[in-house]
Amino acid sequence: MKKLLVCLLAVSVLVLGACGGGKPKADPNDLTRGMDRKIVMGYSQIGAESEWRTACTNSVKAAAEEWNIELIFSDAQQKQENQLQAIRSFIQQKVDIIAFTPVVETGWEAILKECLDAKIPTICVDRSIQGSDRQAANPGDMNDPDNWFTAFIGSDMEQEGNRAAQWMINNVPNLLPGKSVYNIAELQGTVGSSAQTGRFKGFRDTLGIPSADATGTSSDGKYKIILSQTGNFTRAEGNQVMEAFMKSDGASIDVLFAHNDDMAIGAIGAIQEAGRVPGKDIVIIGIDAVKGAFEAMIAGTMNASIECNPLLGPQVMDTAVKLLTGQTVPKWVVSQESDYDQANAAEAYPSRQY
Ligand code: GYE
């Protein structure tokens, strides 16, 4: 059945291509429309931990409908074992293609090789796997994790960490003048996820702090990470961990860097309860640029958010169709993103989609 579908799709590409005098005129996204058999995609999502994740899931579901792709969607509730189980059941169901977001970076080799054995292409969405630089690897080198999956769609997490640090360097001295050293508290994402490892490393790299160290001082001596702990990307944990930070070191924290906006928003409440003013006494930088962060920036309680685009559904479906019709796709489809702060938040807010 799958072969038949791929043949049908390939024939349509050729036919439509031929009509246009050699140049395919058809939108590849239209190829599955009006066919008697839909592409079937198994999708393993990690859960619903943040506004970002909800936006990502909604985007995937809406795009599947639009592309007329049958989506078998599975929510892993943050557990890798649930993801492995879901992917195994997708293989048994002989889906045409599998898309998944690896909750953590390690532990994917066996299952991805099972997908390869079953000749099912895999699209890694948003988070990546350890050892992958998301560039095409030497064909046949099965020690290279880049050969275990077919394509990656998502952001450059390390660069997001760089951007957060750069925003801090550019703005914090003006926001909190007269200080020679700025103390930073950090709320990390889910430990072992590429979003956490990348943002952690990128932030330190820009400051010149060894990327294996949780705490440390920047090479110019101006920025000091004094506290760093995971808040698992949720508001509730961001709030709890910040409460503990405020109890231990509340008076000396100048900057909060949160690996996502939800944790930053959770932390705002803890800062207020401890009697300090978020956005003024403590400069708050998050990542994602979700609506909640825009509302906080407009209210003045948060200072900046580094955009990470969750609206990946259309790219996932487009890539699936291309892969199943034998078209070439880049190994890494990189998301386009911007930085937002109190200077441009109000203007950008009305057009935000998540
Ligand atoms: O930043 C965070 C989420 O993997 C990029 O996961 C994603 C992160 C996102 O829950 O909010």
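What volume does the largest cavity have? In this predicted model, the largest cavity has a volume of about 90 Å³, where volume is the space filled by probe spheres set on grid points that are joined across faces, edges and corners. A cavity is here a set of points, on a 1 Å grid over the protein atoms alone, where a 1.4 Å probe fits but cannot get out. The count of cavities of 30 Å³ or more comes to one. Its lining, made of residues that have an atom within 4 Å of a point, comprises 13 residues, and the closest to the centre are Trp-52, Arg-53, Arg-127, Arg-199 and Phe-233. Helix H2 (51-66) and helix H6 (194-207) each supply at least two residues of that lining.

The model is predicted, and local features need pLDDT of at least 70, side-chain atom pairs count only at pLDDT 80 or more, and totals for chains, interfaces and linings use all residues. Residues are numbered from 1 along each chain as its sequence is written, and side-chain values use heavy atoms, with hydrogens and water left out.

Turning to the overall fold, the chain has eleven helices and 13 strands; these are DSSP runs numbered from the N terminus, with helices (H or I) of at least four residues and strands (E) of at least two. Of its 354 residues, 54% count as buried, a class defined by a relative accessible area under 20%, with exposed meaning over 50% and partly exposed in between (1.4 Å probe, protein chains only). Among contacts (heavy atoms within 4.5 Å) with a separation of 6 or more, 73% come from residues 24 or more positions apart.

Two residue pairs illustrate such links along the sequence. Gly-154 belongs to strand E5 and is buried, at a relative accessible area of 1%. Between Gly-154 and Val-333 there are 179 residues in sequence, yet their C-alpha atoms are 6.5 Å apart in space. Beyond its neighbours within four places in sequence, Gly-154 is in contact with Asp-126, Trp-332, Val-333, Val-334 and Ser-335. Glu-65, by contrast, is found in helix H2 and is exposed, with a relative accessible area of 70%. Its C-alpha lies 9.7 Å from that of Met-317, a residue 252 positions away in sequence.

The backbone also deserves a look. Most residues other than glycine have a negative phi. Asp-126, however, has a positive phi near 75 degrees; this residue lies in the loop between strand E4 (122-125) and strand E5 (151-154) and counts as buried at 4% relative accessibility. Gln-78 likewise has a positive phi, of about 70 degrees, without being a glycine. The loop that holds Gln-78 runs between strand E2 (70-75) and helix H3 (80-92), and Gln-78 is partly exposed, with a relative accessible area of 32%.

Aromatic side chains come next. A pair of rings is described by the distance of the centres and the angle of the planes. Rings of Phe, Tyr and Trp (its six-membered ring) pair if their centres lie within 6.5 Å, and planes under 30 degrees apart count as stacked, over 60 as edge-to-face and the rest as tilted. The whole structure holds seven aromatic pairs. In one of them, Phe-294 and Tyr-349 have ring centres 6.4 Å apart and planes at 40 degrees, so the pair is tilted. This pair links distant parts of the chain, since Phe-294 is in helix H9 (residues 291-299) and Tyr-349 in the segment after helix H11 (345-348), 55 residues apart. Phe-294 is buried at 0% relative accessibility, whereas Tyr-349 is partly exposed at 25%. Together with Tyr-340, these two residues form one aromatic cluster.

Rings also meet charges, where a charge sits over a ring if NZ of Lys or CZ of Arg is within 6 Å of the ring centre and within 35 degrees of the ring normal. The charged end of Lys-61 sits over the ring of Phe-73, 4.4 Å from its centre, and that of Arg-134 over the ring of Phe-152, 5.2 Å from its centre.

Finally, Ser-218 occupies the loop between strand E7 (216-217) and strand E8 (223-230) and is buried, with a relative accessible area of 5%. Its side chain makes a polar contact with the side chain of Asp-220 (2.5 Å); such a contact is a pair of N or O atoms within 3.5 Å, where within protein one must be able to donate a hydrogen and the other to accept it, and residues adjacent in sequence count only if both atoms are side-chain atoms. The backbone nitrogen of Lys-222 lies 3.2 Å from a polar atom of the Ser-218 side chain.

Conventions. 1 Å grid on protein atoms, 1.4 Å probe; cavity = no way out; pocket = protein on both sides within 12 Å on 5 of 7 lines; lining within 4 Å.
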